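User: I would like to learn how to read salt bridges in a model. Please take me through the case at hand.

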Amino acid sequence: MTENDKAHHSEQIKSNLKARLNRIEGQVRAINRMIEEDVYCDDVLTQIRATRSALNSVAVRLLDHHMKGCIMHKVEDGHAEEAMEELLVTVQKLIKD
């Protein structure tokens, strides 16, 4: 990874993402505890769905930042085709199961 490949997130974005990820980490620990405690499967699945939704929210925020920052900078620097290819690959990674 070169310096140009770094994201350069603002402190506000980093703080927001870290807070979200910390909550998700707590949710995952809760799921683990629920399984250990033989909580009803439907309740565990509900928690998994909520955790997945929270993780998707982080991904959308990162994608938004990536598009408005990294991709836009490449376009402005005259590398529009490379930027669009990168964006396509990124979106494919997100939607792939």
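User: Which side chains meet Lys74 and Glu82 in a salt bridge, and how is the term defined?

Analyst: Side chains of opposite charge can pair when their charged atoms come close. A salt bridge here is a side-chain nitrogen of Lys or Arg within 4 Å of a carboxyl oxygen of Asp or Glu. The side chains of Lys74 and Glu82 meet each other in this way, at 3.5 Å from N to O. The model is predicted: local features need pLDDT of at least 70, side-chain atom pairs count only at pLDDT 80 or more, and totals for chains, interfaces and linings use all residues. Residues are numbered from 1 along each chain as its sequence is written, and side-chain values use heavy atoms, with hydrogens and water left out.

User: With which residue does Glu86 form a salt bridge?

Analyst: Glu86 pairs with Lys74, their closest N and O atoms being 2.3 Å apart. Glu86 lies in helix H3 (residues 80-95) and Lys74 in helix H2, so the pair ties together parts that are 12 residues apart in sequence. Helices (H or I, at least four residues) are DSSP runs, numbered from the N terminus. Through shared partners, salt bridges join Lys74, Glu82 and Glu86 into one network.

User: How many salt bridges are found in the whole structure?

Analyst: The search finds five. One of them joins Glu25 and Arg29 at 3.3 Å, N to O. These two are four residues apart in helix H1 (residues 11-36), and therefore separated by about one helical turn.
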